[in-house]
Amino acid sequence: MSNSVPDISDAEFAVLDVLWQHNPASANDIITKLNDSKPWHEKTVKTLLNRLVKKQAISYEKQQRSYLYSPLIERENYLVKQSKTLVDKLFRGRLSPLVTGFAQQSRLKKDDIAALKAIIADWEQEHKDD
């Protein structure tokens with residue numbers, strides 16, 4: 001899978017998310033999975049699949065009379081890029097206002113706080129000589 005992450009619309013993300021969970025998958029498989037949450041039109045999904053192929057986010061393989069699609073980008077790489085974009089756009093690249101906002105809204109759970117402490121401790125350990 002590629003490390004390069006193209007810009008993906010919300011609708012394209014829904015299709016890609018299905019492929020991250022179930023691949024390879026045919027267009028009909030993807031439509032069925034998408035329809036579990038809300039109705040999707042077949043033509044719309046096929047258009048989205050074509051866009052994702054052009055963006056090199058997914059690939060396809062012809063098998064008899066249908067195409068099987070697979071992701072070319074990793075979910076983790078996509079999430080990291082989107083997180084960085086969000087922090088850059090809304091918080092001028094600073095993470096602390098985002099975390100502060102969640103903390104003030106009481107949305108941080110004990111597990112979240114423990115994970116953040118572990119991340120900070122790891123970072124401090126790696127950068128203690130800086």
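**Stop one: the largest pocket**

Start with H4, which gives four residues to the lining of the largest pocket, the largest share. Before you go on, note that this is a predicted model, where local features need pLDDT of at least 70, side-chain atom pairs count only at pLDDT 80 or more, and totals for chains, interfaces and linings use all residues. Residues are numbered from 1 along each chain as its sequence is written, and side-chain values use heavy atoms, with hydrogens and water left out.

Now select Ser83, Lys84, Val87, Asp88, Gly93, Leu95, Leu98, Val99, Phe102 and Leu108: they line the largest pocket. Helix H4 (75-91) and helix H5 (96-104) each supply at least two of the lining residues. (Helices are DSSP runs of H or I with at least four residues, strands are runs of E with at least two, and both are numbered from the N terminus.) By type, the lining has six nonpolar, two polar and two charged residues. Here Ala, Val, Leu, Ile, Met, Phe, Trp, Tyr, Cys and Pro count as nonpolar, Asp, Glu, Lys and Arg as charged, and the others, Gly among them, as polar.

**Stop two: H1 against H3**

Select helix H1 (residues 10-21) and helix H3 (residues 42-54): their axes come within 10 Å and cross at roughly 90°. (Axes are lines fitted to C-alpha atoms, for helices over the stretch in contact, with angles from 0 to 180 degrees between N-to-C directions.) Show side chains for Ala11, Glu12, Val15 and Leu16 of H1 and Leu48, Leu49, Arg51 and Leu52 of H3, which make the contact, meaning heavy atoms within 4.5 Å. Six of these residues are nonpolar, none polar and two charged.

**Stop three: the strands**

Next, pick strand S2 (residues 58-63) and strand S3 (residues 66-71), which pair in the antiparallel sense over six bridges; pairing takes at least two bridges found by DSSP. Click glutamate 61 and you'll find leucine 68 of S3 opposite, while serine 59 has serine 70 as its bridge partner in S3. The two strands form a hairpin with two residues between them, and glutamine 64 in the turn has a positive phi of about 55°.

Which residue of S3 is the bridge partner of alanine 25? Tyrosine 69 is the one to click.

Terms used. 1 Å grid on protein atoms, 1.4 Å probe; cavity = no way out; pocket = protein on both sides within 12 Å on 5 of 7 lines; lining within 4 Å.
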